[in-house]
Amino acid sequence: MTNQPKPHQPLVTHIYTADPSAHVFEDRIYIYPSHDLDHEGETNDNGDQYKMEDYHVLSMTDFNSPVMDHGEVLHVRDVAWASRQMWAPDAAYKDGQYYLFFPARDHEGIFRIGVATSMSPSGPFKAEENYIEGTFSIDPAVFIDDDEQAYIVFGGLWGGQLEKWQTGRFVEDAEGPLPDAPALGPQIAKLSGDMLALNFEAHEIVILDEAGNPLTAGDEERRYFEGPWIHKYEGKYYLSYSTGTTHKLVYAIGDRPEGPYTFQGTLLPPVLGWTTHHSIVEFRGSWYLFYHDCSLSGGVDYKRCIKYTELTYRSDGTLHRVDPDSEYAQDIKRS
Ligand code: FUB
């Protein structure tokens with residue numbers, strides 16, 4: 001149990017956590033982060049420093065209550081198809097069952113996405129024998145629409161291997177598009193009724209600029225890098241994601257989960273550390289952003305800690321940008 005959470009402060013300090021996917025299940029906030037570990041290997045652009053092996057589930061009654069760690073709910077040793085690097089997961093609920101979606105490298109070193117099930121939101125989760133056929137790359141996020149159709153969105157550049165799948169199969173030395181060419185978008189697919197398979201092949205989401213042209217690969221301030229998240233607000237779909245090399249969380253709005261989406265702006269400016277990764281959730285009528293930075297470790301090994309803050313919309317549906325430094329400064333002045 002950790003103390004009552006405060007905006008822009010680590011939600012827990014007894015372990016390093018990253019990539020928080022937050023959901024409200026049974027009127028309680030559940031957070032499904034990845035779990036950063038100490039390591040002695042190389043730190044590089046491939047993300048080899050992120051050698052995560054297991055997942056913990058965190059939860060809290062509300063934002064005035066302590067954060068509970070439900071302990072290890074899945075370990076790579078219990079996933080037959082996976083070899084290493086349990087990166088950013090997400091969770092979903094359907095028909096009395098909870099699902100944990102997670103990426104990991106298979107025994108050939110290729111990132112795939114698997115699913116594990118539990119009768120409880122706090123796990124433990126039991127992994128399916130094989131990864132979800134037709135999935136690849138990293139950072140799965142599941143969005144369930146009002147008609148109960150579930151969608152899985154995924155993909156990440158560089159260490160996440162998205163560039164290597166442009167032909168529809170894995171090409172080890174494939175590079176990303178040239179700077180003037182359309183950027184690679186995240187992949188999206190409908191999930192089957194039992195949530196364990198893709199219903200039709202995944203396809204790419206297109207993100208457009210204000211003139212209706214696809215964002216280009218060289219537009220690093222706006223193009224997709226990793227960490228997709230879809231949420232719905234007042235009938236519109238919001239796709240938010242990390243820009244990777246420019247370290248921002250940005251968002252785009254569309255009329256359908258599968259896009260196209262039109263770029264809107266920055267949600268969170270760069271934080272301490274290289275990666276930035278988030279989720280957005282509504283709880284009791286307010287909206288919250290969960291994200292991570294490296295403040296708890298001071299950046300050592302890029303180990304991260306998860307945080308939250310409130311998100312607010314303008315009357316036209318655009319989102320106010322979050323500014324952790326000034327909000328934290330105001331918080332200190334108030335207390
Ligand atoms: O935590 C490992 C990887 O770093 C995630 O999968 C990415 O989104 C980035 O946060």
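I began with F290, which counts as buried because its relative accessibility is 0%; buried means under 20% relative accessible area, exposed over 50% and partly exposed in between, with a 1.4 Å probe and protein chains only. I then looked up its partner Y308: the ring centres of F290 and Y308 are 6.0 Å apart and the planes stand at 35°, so this pair is tilted. Rings of Phe, Tyr and Trp (its six-membered ring) pair if their centres lie within 6.5 Å, with planes under 30 degrees apart stacked, over 60 edge-to-face and the rest tilted. Because F290 belongs to strand β20 and Y308 to strand β21 (residues 305-311), the pair ties together parts 18 residues apart in sequence. Strands (E, at least two residues) and helices (H or I, at least four) are DSSP runs numbered from the N terminus. I noted that F290 and Y308 are both buried.

I recorded that the model is predicted: local features need pLDDT of at least 70, side-chain atom pairs count only at pLDDT 80 or more, and totals for chains, interfaces and linings use all residues. Residues are numbered from 1 along each chain as its sequence is written, and side-chain values use heavy atoms, leaving out hydrogens and water.

I next took the count of aromatic pairs, which is 32. In one of them, F63 and F290 have ring centres 6.3 Å apart and planes at 35°, so the pair is tilted. It links distant parts of the chain, 227 residues apart: F63 is in the loop between β3 (54-60) and β4 (68-75), F290 in strand β20 (residues 286-293).

I also found one aromatic cluster formed by F25, Y30, Y32, Y93 and Y98.
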